Amino acid sequence: MQAADDLTNRARNRYFEKRKKVFPRQIDGPFRRFKWLVMLVTLTIYYVTPWLRWDRGPHAPSQAVLVDLAHRRFYMFSIEIWPHEFYYVAGLLIMAAIGLFLVTSAVGRAWCGYACPQTVWTDLFQHIERFVDGDRNAQRKLDEAPWSALKVTKRLIKWTLWLIVGVLTGGAWIFYFADAPTLFQQLMHGDAPRIAYLTIGTLTATTFIFGGFMREQVCIYMCPWPRIQGAMLDEQSLVVTYKGWRGEPRGRGVKRREEDAAALLPQGDCIDCMACVAVCPTGIDIREGPQIGCITCALCIDACDQVMDKIGKPRKLIGYTTIADERLARSGQPTRTPLQRLLRLRTLLYLSVWVAIGAALLFTLGTRERIELDVAQSRNPVWIRLSDGQVRNSYTIKLRNMENRARRYELSVRGIDGRMWNQEMSRQAATPTVTFEVEPDSVLKQSIYLAAPDTGPTQTPILFTARALDEDGDRRSARHASNGRRNKRMNQRFTGYHATAILVGFFALVIAVNLTMARLATSTFGGVLAENGYVASQDYNRWIAESAAQDRLGWDVAARVEGNRLILDTKGVSHAVANVVAEHPLGQVDDRRIPMVVAGTNHFRSADAMPSGRWKLRITLQQGNSEARYLREVRS
């Protein structure tokens with residue numbers, strides 16, 4: 001829990017930190033090479049797929065993957081999805097979500113680290129940056145240097161290459177929505193639709209900004225997945241982990257490590273070389289434990305393994321492991337095999353659901369008919385009595401031919417002794433069946449009249465059936481009701497207006513709840529974190545009073561490490577007593593009380609060497625009856 005002075009001192013406690021630029025160092029290793037492979041495969045799929053051809057006959061487009069918005073079709077090789085079959089797309093999206101849950105539950109944020117578009121394009125942009133500006137140190141030096149002809153030239157070259165990638169990205173995207181060769185020619189001649197140029201411009205800008213400038217900020221602050229993953233991970237999930245029981249206490253480089261060994265000081269395998277931090281694309285220190293900035297790219301594993309090889313220590317000081325295996329390894333017990341980690345109830349459940357949905361989609365795709373029939377009865381009027389006493393109903397039929405060839409269909413009716421004719425026929429030519437010719441990959445809309453004797457019940461269930469008059473003989477039926485002269489009731493239909501109203505109402509409710517919760521959160525959060533909110537609330541007023549009293553003392557203290565000793569520089573107080581307790585951020589090392597001795601006016605020096613690593617210091621200054629407490633952080 002924070003000390004009282006840390007609760008209200010806004011000058012020292014900022015809840016929003018200015019971004020620190022990240023310049024990741026180039027690294028080589030198994031995981032880096034795997035990232036190269038994934039980037040190559042994913043970018044190839046994205047840029048090449050619109051240009052693949054697939055022969056569907058003369059009446060359908062020949063592009064292998066095409067979202068044909070103009071004709072409301074989705075083509076993927078031999079599969080054609082119509083608007084009324086959108087449940088296939090919904091099924092694929094559900095499979096993608098469950099697959100993401102499965103991957104996260106099994107191997108952590110592997111999607112984020114390897115295949116996420118933000119990761120792939122950011123990685124590509126970083127390689128372009130290294131090609132132009134050099135590696136980590138050269139990039140940092142150039143960034144901090146004043147503007148010069150060399151810096152302007154390098155910036156223009158780099159940004160130009162980024163823009164080219166952005167334009168290619170936006171161009172590849174629109175090729176999924178039109179015939180790629182045709183649209184490319186239109187773009188080159190300036191004849192393409194305006195929306196095409198607008199889309200390319202928008203995607204170019206977003207790619208340029210997100211991949212070139214925002215980078216890790218998108219992953220840490222904009223993407224919701226790091227927050228969702230907390231519910232997906234458990235103690236059995238593989239995550240990139242720093243094995244603190246091996247690495248602590250840290251050394252201070254190879255030379256000082258030898259000095260510590262000669263002095264018989266305890267030391268772990270970590271030499272605090274910061275190689276893991278230098279290669280991290282989000283700039284985090286994995287040694288501080290699991291955190292939202294870790295995308296599980298495992299580049300820190302490659303970097304640490306290289307260092308362990310150089311100093312003659314076992315590899316995988318940083319490696320993939322689970323929380324459960326970490327406990328076993330810490331206690332010296334054998335850990336589980338990779339197969340045992342993967343084959344557990346949670347992952348098997350995700351896999352079973354994923355396979356079941358995929359199998360259902362494949363089954364429905366394999367058994368679906370290529371003919372659809374919709375029948376709607378005309379309501380104005382519902383029925384008409386003819387001169388011979390018969391009752392006539394009129395219907396609007398939609399006969400959908402989902403084949404790439406023209407087909408002839410026969411429409412028949414069962415359940416009533418009636419005769420049918422269409423607007424091109426006279427009633428005298430009415431027959432029990434009507435024949436239609438339907439063009440390839442199209443919908444035929446026709447008005448059908450059905451006349452039957454005015455006998456029997458006032459409402460008769462009837463069945464319309466459309467049958468293909470070719471060797472395949474596909475059939476599709478639609479059940480309806482024939483309304484007699486005494487039935488004046490009209491059935492209420494669910495229309496697009498109802499669907500729109502429900503959709504708008506749902507999102508309006510979601511937005512209203514989010515705005516309300518955000519308003520309540522921002523208006524009540526005081527910036528204080530505590531393990532037990534209720535207990536903290538009982539002491540809050542006392543903390544405020546103690547903080548105000550401490551501010552009136554006018555004291556302050558700064559902490560630093562000089563050599564291997566902790567130095568405290570006080571301000572506004574002399575002849576005080578300093579007590580220091582060092583806490584490790586991970587909590588894997590016990591708290592240490594650091595003895596301090598007076599090293600001059602307003603200065604204290606630790607009596608013993610400061611342990612290596614990052615430490616949170618709880619400092620208490622006492623002078624007579626006055627006392628002040630501070631929270632500082634140092635790295636030794």
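# Questions on a predicted model

Modeller: The end C-alpha atoms of residues 348-366 are 26 Å apart, and this span is 100% helix and 0% strand, where helices (H or I, at least four residues) and strands (E, at least two) are DSSP runs numbered from the N terminus. This is a predicted model, in which local features need pLDDT of at least 70, side-chain atom pairs count only at pLDDT 80 or more, and totals for chains, interfaces and linings use all residues. Residues are numbered from 1 along each chain as its sequence is written, and side-chain values use heavy atoms, with hydrogens and water left out.

Biologist: Why is Leu-342 called partly exposed?

Modeller: Buried means under 20% relative accessible area, exposed over 50%, and partly exposed in between (1.4 Å probe, protein chains only). Leu-342 has a relative accessible area of 36%, so Leu-342 is partly exposed. Leu-342 is found in helix H17.

Biologist: How do you know that H5 is largely enclosed by the rest of the structure?

Modeller: Of the 17 residues of H5, 15 are buried, and therefore the helix is largely enclosed by the rest of the structure.

Biologist: What makes the reach of H5 close to the expected one?

Modeller: The expected span of a helix is 1.5 Å times one less than its number of residues. Helix H5 (residues 117-133), with 17 residues, reaches 24 Å from its first C-alpha to its last, close to the 24 Å expected. H5 is followed by Gly-134, whose phi is positive, near 100°.

Biologist: What covers the buried residues of H7?

Modeller: The cover includes H5 and helix H2 (30-48), among others, and the buried residues of H7 include Lys-151, Arg-155 and Trp-162.

Biologist: Why is Phe-77 called partly exposed, and what is its phi?

Modeller: Phe-77 has a relative accessible area of 32%, so the term partly exposed applies. Its phi is positive, about 55°, although Phe-77 is not a glycine, and Phe-77 sits in the loop between strand E2 (73-76) and strand E3 (79-81). Most residues other than glycine have a negative phi, and most peptide bonds are trans.

Definitions and conventions: Contact means heavy atoms within 4.5 Å.
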